[in-house]
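Subject: Structure handover

Hello,

Here is the structure I said I would pass on. My notes on it follow below.

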Amino acid sequence: DELLEALRGSIALCRTTAQEISALGLSSNLSEGLRLLALRKNRLFGLLCDVDVDEDTARRLPVATATHVYRIVQESLRNAALHGHATQCRLSLRSEGDLVDLAVSDDGEGFDPTGRHGDGLGLKIIRYRAEQFGGTVEITSAPGEGTTVRCRFAL
């Protein structure tokens, strides 16, 4: 029974991973893709995510930028669940004029961004992706206080 349960869990994880890898055939709808991603993270990790995406902002992003934004959110949620042991998060994508603000905040364990955990592969991936479309990344966290990943960029 334990082996069968482990196998079912592995199959579910493989399906979710496959869906996320191909998810940015998003049918040109970033906001819907982000909502589905949050739903998958809820099913997989029990992470409840409040998604606040400005539809107009999401529509205005070029496909390449939207793809990077999706992957930044994906990695942020994964880090929140796996490393931060978060149970709740908030995802926000808004713009003011031509400046876009993406933020993913969680209620997890937090960490010292200047310490050894602040230079992990996941955060390097997030920074790299932001650089691809001229974005900047700010990580705000402290032990016991959760984490916020904020990415700002011009349209």
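The model is predicted. I started with helix H5, which covers residues 121-132. Its twelve residues reach 17 Å from the first C-alpha to the last, close to the 16 Å expected at 1.5 Å a residue.

The buried residues of H5 are Gly122, Leu123, Ile126 and Ala130. They lie on the same side of H5, because they cover an arc of only 100 degrees around the axis. Leu121 and Glu131, on the other side of H5, are exposed.

Next, the pair H4 and H5. Two packed helices are described by the angle between their axes and the distance between those axes. For H4 and H5 the angle is about 165 degrees and the axes are 9 Å apart. An angle over 145 degrees counts as roughly antiparallel, so H4 and H5 are roughly antiparallel to each other. Their crossing is left-handed. On the H4 side, the residues in contact are His68, Arg71, Ile72, Glu75, Ser76 and Asn79. They meet Gly122, Leu123, Ile126, Arg129, Ala130 and Gln132 in H5.

Gly33 counts as buried because its relative accessibility is 6%, and buried means under 20%. Gly33 and Tyr70 are 37 residues apart in sequence, with 7.7 Å between their C-alpha atoms.

Regards

Conventions. Residues are numbered from 1 along each chain as its sequence is written. This is a predicted model: local features need pLDDT of at least 70, side-chain atom pairs count only at pLDDT 80 or more; totals for chains, interfaces and linings use all residues. Side-chain values use heavy atoms; hydrogens and water are left out. Buried means under 20% relative accessible area, exposed over 50%, partly exposed in between (1.4 Å probe, protein chains only). Helices (H or I, at least four residues) and strands (E, at least two) are DSSP runs, numbered from the N terminus. The expected span of a helix is 1.5 Å times one less than its number of residues. The arc is that of the directions from the helix axis to the C-beta atoms. Axes are lines fitted to C-alpha atoms, for helices over the stretch in contact, and angles run from 0 to 180 degrees between N-to-C directions. Angles under 35 degrees count as roughly parallel, over 145 as roughly antiparallel, 65 to 115 as roughly perpendicular and the rest as oblique. A crossing is left-handed if the near helix is turned anticlockwise from the far one by less than a right angle, and right-handed if clockwise. Contact means heavy atoms within 4.5 Å.
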